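Student: Got a model open here and want to go through it piece by piece. Can we start with a term before the details?

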2 protein chains.
Amino acid sequence: MPNALVLGAGMVGSVMAADLVDDPDFSVTIADVREEALVAARRRCGERAIRTERADLSDPRRIEALARDHDIVLGALSSKLGLLALRAVIAAGRNYCDISFMPEDAWSLSDSAQRAGVTAVVDCGVAPGMSNMMAGFGASQLDACQHIEIYVGGLPRMPRWPFLYKAGFSPHDVIEEYVRPARVVENGRVVVKEALSEPELMNFEGVGTLEAFNTDGLRSLAHFLKAPFMKEKTLRYPGHIEIMRIFRETGLFSEEPMAIRSSHDAPLVLVRPRDVTAALMFPKWTYEQGEEDLTVMRVVVEGERDGGSRRFTWDLLDFYDRMTQTTSMSRTTALPCTIIARMIASGEIHMPGVIPPEMLGRQPGLLDKVLKRLEQRGVRFTATVC
Amino acid sequence: MPNALVLGAGMVGSVMAADLVDDPDFSVTIADVREEALVAARRRCGERAIRTERADLSDPRRIEALARDHDIVLGALSSKLGLLALRAVIAAGRNYCDISFMPEDAWSLSDSAQRAGVTAVVDCGVAPGMSNMMAGFGASQLDACQHIEIYVGGLPRMPRWPFLYKAGFSPHDVIEEYVRPARVVENGRVVVKEALSEPELMNFEGVGTLEAFNTDGLRSLAHFLKAPFMKEKTLRYPGHIEIMRIFRETGLFSEEPMAIRSSHDAPLVLVRPRDVTAALMFPKWTYEQGEEDLTVMRVVVEGERDGGSRRFTWDLLDFYDRMTQTTSMSRTTALPCTIIARMIASGEIHMPGVIPPEMLGRQPGLLDKVLKRLEQRGVRFTATVC
């Protein structure tokens with residue numbers, strides 16, 4: 001019976017543990033430095049036996065030692081610990097499946113993973129993750145792939161004025177999305193667009209009209225797939241983007257320190273406007289206990305096959321799960337990772353190296369199997385081919 | 001030949017001086033603590049002889065001494081010096097006409113003005129000012145006055161994203177308008193409305209559609225006129241109000257100090273969010289050299305006369321004056337004040353006390369005379385009676 005180790009007992013890690021522990025084939029350990037997070041993860045797993053390990057996972061030696069005691073490792077740490085954890089798991093010689101969304105290029109470690117015989121799948125959530133598998137699958141079905149478009153958003157089920165948004169993950173990362181230039185591929189070249197640019201209104205069954213804007217989310221796809229047009233856009237309720245553009249234009253997201261004096265005789269203090277904005281805004285961006293979210297996603301892959309045109313579309317609309325009180329964000333992110341981790345543990349996937357999910361998507365039958373297993377867990381994509 | 005003293009050589013004071021110095025009947029002194037403002041005022045007066053006096057006008061003894069050397073005083077100081085200057089001019093026993101928009105109730109000094117035999121007209125700009133005269137005139141023409149509505153806005157001629165606004169006067173006072181509850185009169189009672197509330201779209205010939213919102217601008221009208229419905233609303237290009245409501249809701253106008261830490265090892269600093277917002281926003285709210293503004297205003301006074309209904313409407317649309325490079329804001333504010341000051345100096349107006357302009361509007365023929373003199377100076381109101 002394989003021993004699985006989940007790194008991180010946050011919203012996503014605890015859902016990973018709960019999914020794996022349901023499986024009689026696995027014994028599960030979850031590690032985190034926060035005792036209260038471990039308690040919450042144990043609660044989420046209910047009656048089922050789970051081991052918890054209090055460990056400071058910013059220490060790579062701690063990760064390496066823990067990994068050695070297990071057969072397969074799942075990563076659900078914050079993005080800034082992503083690369084460090086990947087390196088430590090490879091050093092331990094264990095297979096890995098990760099959703100940390102690290103800012104660095106994970107595949108820089110691919111050679112060392114290969115040498116260690118380690119299969120390490122990264123970016124293995126919903127987007128990136130399922131979107132990459134679909135892109136890889138679609139491209140493999142076409143003689144020439146022309147377009148890859150990914151639209152994705154995690155949203156509160158009930159939008160409320162003024163922001164019409166809550167952040168399912170670090171609000172700091174959200175602001176980063178609103179200021180960092182977005183790289184897209186046009187005519188086969190990487191083109192840099194302004195953040196929040198090219199807003200377009202799009203209709204989504206069951207949600208209504210949303211607004212999509214360019215984000216820097218292609219990541220590995222821009223390197224490993226060869227379509228002349230590729231873009232990722234993030235979805236928000238209409239209105240949110242304009243507010244964020246105005247905040248940015250005003251300078252409220254600036255990290256340049258400003259000297260501020262509150263009155264004539266007050267001392268000058270240095271502050272970065274973004275810190276003030278974040279302190280004011282983030283409490284309003286935080287989901288309340290039990291507040292419902294949704295995940296909406298569309299992946300379009302288009303091109304030529306047998307002299308005709310063909311288009312693959314996948315749509316997802318997933319809601320907060322009231323039964324298990326689990327956010328859609330954490331379920332749609334955790335479950336692709338646990339499904340792939342099982343396939344690695346069973347030997348079904350054996351690809352030493354650091355593997356972006358588009359490489360898995362090319363494997364015959366793999367995407368179908370993943371979609372079926374997601375559906376068994378209540379996450380239903382609708383596929384259309386035309 | 002009467003000697004006139006203008007307190008304050010800012011945008012409005014310098015236009016007052018230039019208007020008075022054109023008049024062979026007046027000799028004019030303008031006083032300010034800022035040498036560069038005095039230089040600019042002298043330049044605006046061109047070849048014509050004007051005296052300048054460098055004086056710290058936050059010192060009431062200085063104002064009183066200067067006032068004693070003159071026959072009539074005009075006030076164009078900032079709102080926070082308004083009451084102090086009024087008191088000093090009364091103490092000097094000189095007649096006064098002021099546009100300072102002081103936050104305090106000026107008529108608390110009315111008894112002392114009466115005892116000194118001083119006629120002191122306050123709030124004598126465009127709104128407050130002309131609006132009060134029109135309200136007073138309209139009410140005097142009706143058997144029962146039902147409605148007094150004042151709509152006024154000072155706007156850039158070319159609105160630009162994101163604010164669609166520039167501040168013709170202190171931006172701090174503008175933010176105050178966006179947070180201070182607005183008092184209106186409904187069914188004969190003073191009702192307090194939220195700032196920025198009850199936005200309504202209205203069409204104005206020559207500008208297009210503007211958005212009006214409640215502001216706390218009735219001031220003396222709520223005390224001295226007895227209409228069951230009275231309100232003042234401020235006009236902006238559509239869109240501005242919503243942005244300001246969002247800023248306010250986010251907490252960006254809050255004056256509550258917050259403890260901000262820029263990084264884990266940075267010290268905590270205390271800042272008031274409004275100071276940060278103002279530091280970011282005000283540079284974008286400042287008119288550029290030669291940038292054109294406009295003033296749009298509508299005053300409606302409605303009620304019964306001789307058993308029928310009657311409505312008086314005055315409309316103003318005034319633009320930046322390219323010839324003299326004078327903003328509309330400063331012309332429309334300064335000229336009612338210089339016109340009334342002349343009438344006080346000539347003895348045409350003699351009403352010892354602190355006089356709000358609605359009391360002038362009731363005097364037979366006075367409003368017509370003021371409107372004619374404004375028109376001679378290029379500020380044209382259109383009056384409609386129906």
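Tutor: Contact means heavy atoms within 4.5 Å. Keep in mind that this is a predicted model.

Student: Fine. What do the buried residues of helix 9 of chain B pack against?

Tutor: Elements of both chains. From chain A they meet helix 9 (240-250) and helix 10 (273-285). From chain B they meet helix 7 (171-179), strand 11 (208-214), strand 12 (229-236) and helix 10 (273-285).

Student: Which residues of helix 9 of chain B are the buried ones?

Tutor: B:H240, B:I241, B:I243, B:M244, B:I246, B:F247 and B:T250, in a helix that covers residues 240-250. Just after helix 9 of chain B comes B:G251, with a positive phi of about 105°.

Student: On to the interface. How many residues does each chain put into the contact?

Tutor: Chain A gives 26 residues and chain B gives 26 residues. About 2600 Å² is buried between chain A and chain B, and carbon and sulfur atoms account for 75% of that area.

Student: Which three residues of chain A supply more of its buried area than any other three?

Tutor: A:W161, A:T250 and A:L280, which supply 24% of the area that chain A buries against chain B.

Student: And how many salt bridges across the interface of chain A and chain B?

Tutor: Zero, by the rule used.

Student: How is chain A laid on chain B?

Tutor: By a turn of 180° and a shift of 0.1 Å along the axis, which gives an RMSD of 0.1 Å. The two copies are therefore related as by a two-fold rotation axis. In chain A, the C-alpha nearest that axis belongs to A:V269, at 3.5 Å. Both copies use the same surface, as 100% of the contact residues of chain A recur in chain B.

Student: Change of topic: sheets. What is the strand order in the open sheet of chain A?

Tutor: The order is 3-2-1-4-5-6-17, seven strands with parallel pairing. Strand 3 (51-54) and strand 17 (353-355) of chain A are the edge strands, each pairing on one side only. Neighbouring strands of this sheet are turned by 20° against each other on average, direction ignored.

Student: Which helix packs on that sheet?

Tutor: Helix 1 (residues 11-21) of chain A, which touches strand 1 (3-7), strand 2 (27-32) and strand 4 (72-75) of chain A. The direction of helix 1 makes about 170° with that of strand 2 of chain A.

Student: How many bridges hold strand 6 and strand 17 of chain A in their pairing?

Tutor: Three, in the parallel sense, with strand 6 covering residues 119-121. In strand 17 of chain A, A:G353 is the bridge partner of A:T119.

Student: Now strand 15 of chain B. Which strands does strand 15 pair with?

Tutor: Strand 7 (residues 144-156) of chain B, antiparallel, through twelve bridges. Strand 16 (residues 308-319) of chain B also runs antiparallel to strand 15, again with twelve bridges. B:V301 is the bridge partner of B:I148, and B:V301 also stands opposite B:F312 in strand 16.

Student: What about the turn between strand 15 and strand 16 of chain B?

Tutor: The two strands form a hairpin with two residues between them, and B:D306 in the turn has a positive phi of about 50°.

Student: Is strand 15 of chain B mostly covered or mostly uncovered?

Tutor: Mostly covered, with ten of its 13 residues buried. B:D293 lies in this strand. B:D293 counts as buried because its relative accessible area is 3%, under the 20% cut-off.

Student: What is B:D293 in contact with, leaving aside neighbours within four places in sequence?

Tutor: Its contacts include B:L155, B:P156, B:R157, B:Y287, B:D318 and B:F319.

Conventions. Residues numbered from 1 in each chain as written. Chains lettered and ligands numbered in written order. Predicted model: local features only at pLDDT ≥ 70, side-chain atom pairs only at ≥ 80, totals over all residues. Heavy atoms only, no water. Buried < 20%, exposed > 50% of the residue type's maximum accessible area, 1.4 Å probe, protein only. Helix = DSSP H or I, 4+ residues; strand = E, 2+ residues; numbered from the N terminus. Pairing = 2+ DSSP bridges. Axes fitted to C-alpha atoms, helices over the stretch in contact; angles between N-to-C directions. Least-squares fit on C-alpha atoms with pLDDT ≥ 70 in both. Buried area = accessible area lost by both parts, 1.4 Å probe. Salt bridge = Lys/Arg side-chain N within 4 Å of Asp/Glu carboxyl O.
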